[in-house]
Amino acid sequence: MRTPHALLAATVTTTALVAAVVAPTPAAGADAVPAPGTFYVQSAATGLNAAGSAGAVEQHRPRGDEGHQQWNLRANGATHLLESADTPGTCLGRTGDRAGTVPCAGADAAWAVAPADGDRFTLAVPGTGRHLAVAPRPSGANHPARLAVTEGSSDLAHWYLTPVSPVTRPMPPRSSRTLDQVTFLTSHNAYANGVDGGFAPPFVNLFPNQTRGIERQLADGVRGFMLDIHQTPDGAILCHNSCTLVGRPVALRVDLQRMVDFLEAHPDQVVTVFLEDYVDPGVLRAELARVNGLSDVLYRPDRTGVRENGWPTMADLTAAGKRLLIFSDRSRPADRSAGLTRDSFGVMYQREWTVENHWSMGSGVGASDWSCYSRWYDAGTNLPLTRTEPGFRPLFVMNHFRDAPVAGTAGTDNSKLADRARRFCQPAARKKPNFLAVDRYDLGDPAAAVDALNTYTYP
């Protein structure tokens, strides 16, 4: 990243940012069936993968090379077969009106694969209007796991054929790489460090997520910060679960001031804040108003054409001086009912601008769960990791931590971060992680994973 050009104004204008945007590159094979290879058959509706399971084919959480989720696509005359990558001779096929694993030599194994919308495909029973589909979602529940074979080709019958080993491209020069092409080291519960102040009741305080203060984190290269804020008579305060019995808690404005001061001293850097947000919008607005210089560096993607044209280049962000993004996990409808939306004062609603995998890999010890699926996929919501819009790709927040921070476990997990990102989470989201969020970033060298991801782009 370079120093801002002297001729560019310090205020972002719509024209300056939109003109420099590089729109997302269409996926290879968007207008034809992909060449033979090994793929995940991934629902466009849910982001979950077709997986063989005791003779059935169900949608399961993306799990890399585990869980019978990889299929070898090959031509079969005018049709195609999807042979299980770990059970040769067995194919993704049909048993009546349901999907199942069947012998590849049988008539129920063939599919007519055709392009659908963009880089999506349909898999039809040859010569019919019946398609492989996710079963309709019952009211107030997730879609059933077992895949169906139904008439019609709605979104429930649209599939991504996601390569297990995708072709990547070298990272563009610093002057032209866009925000969504870059990966940032991110500290989970960055405030819970035991250095800057208290963050939890006495016993919990003994298990910090980080062991270095915010200023040291910035100096070490951390550029994404996950912060929990709770409402007290003193404003928006950084605490874990609640501020009751917390000694010397830190106010949000204190840590934000540290970040703003850092950005003013380092004009080529970009910082992002993710708020786990338990405060009223008016309280948050008042807290931000107390941060000196915030408006000078706060970046507003809602005012610069990002949703229509894609993310700006890093060079244009730094040249214009707008280099701090703040996201909240609160919902817009709840704020509307309260009469004040957070984006009216520059805090973006995270679900509108990012996708994020489920936050837990399991307990603090023992085996971990490396599956990657949306944090926002449950009975009430359906925002798959694969979500995209014309001209716009949400930023991808990849969580890589456990329920409880245990130093030895965090160090081991962090040493495996690059592997999980490449083999599990990147194909699950069909995009490269932009924020690698970890506990104890000082252990296991997660910065090396960030460096590796910043050598290439995932088209």
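Trainee: How much space lies in the largest cavity?
Mentor: About 80 Å³. The model is predicted, so local features need pLDDT of at least 70 and side-chain atom pairs count only at pLDDT 80 or more, while totals for chains, interfaces and linings use all residues. Residues are numbered from 1 along each chain as its sequence is written, and side-chain values use heavy atoms, with hydrogens and water left out.

Trainee: What makes a space a cavity rather than a pocket?
Mentor: On a 1 Å grid over the protein atoms alone, a cavity is a set of points where a 1.4 Å probe fits but cannot get out; a pocket is an open set with protein on both sides within 12 Å along at least five of seven lines. Points are joined across faces, edges and corners, and the volume is the space filled by probe spheres set on them. The whole structure has 3 cavities of 30 Å³ or more.

Trainee: Which residues line the largest cavity?
Mentor: Lining residues have an atom within 4 Å of a point. Among them are Asp180, Arg393, Lys431, Lys432 and Tyr458.

Trainee: What is the volume of the second largest pocket, and which residues lie nearest its centre?
Mentor: Its volume is about 600 Å³. Of the 28 lining residues, His188, Asn189, His240, Glu276 and Trp359 lie nearest the centre. β18 gives the most to this lining, with 4 residues.

Trainee: Why is Trp370 called buried?
Mentor: Buried means under 20% relative accessible area, exposed over 50%, and partly exposed in between, with a 1.4 Å probe and protein chains only. Trp370 has 11%, so it is buried. Phe424, at 1%, counts as buried too.

Trainee: Why is the pair of Trp370 and Phe424 called edge-to-face?
Mentor: Rings of Phe, Tyr and Trp (its six-membered ring) pair if their centres lie within 6.5 Å; planes under 30 degrees apart count as stacked, over 60 as edge-to-face and the rest as tilted. Here the centres are 5.2 Å apart and the planes are at 85°, so the pair is edge-to-face.

Trainee: What makes the pair of Phe184 and Phe435 stacked?
Mentor: The ring centres are 5.5 Å apart and the planes are at 25°, so this pair is stacked. Phe184 lies in strand β14 and Phe435 in strand β23, so the pair ties together parts that are 251 residues apart in sequence. Strands (E, at least two residues) and helices (H or I, at least four) are DSSP runs, numbered from the N terminus.

Trainee: How do you know that Arg307 lies over the face of Trp353?
Mentor: The rule asks for NZ of Lys or CZ of Arg within 6 Å of the ring centre and within 35 degrees of the ring normal. Arg307 is at 4.8 Å from the ring centre of Trp353. Lys432 lies over the face of Tyr456, at 5.3 Å.

Trainee: What makes a set of residues a nonpolar core?
Mentor: The members are buried Ala, Val, Leu, Ile, Met, Phe, Trp, Tyr and Cys residues joined through side-chain atoms within 4.5 Å. The largest core has 53 residues, and Leu324 is one of those with the most contacts inside it. Helix α3 supplies the largest share, 6 residues.

Trainee: Which residues does Leu324 touch?
Mentor: Contact means heavy atoms within 4.5 Å. Not counting residues up to four places away in sequence, Leu324 touches several residues, including Val260, Leu263, Val271 and Leu298.
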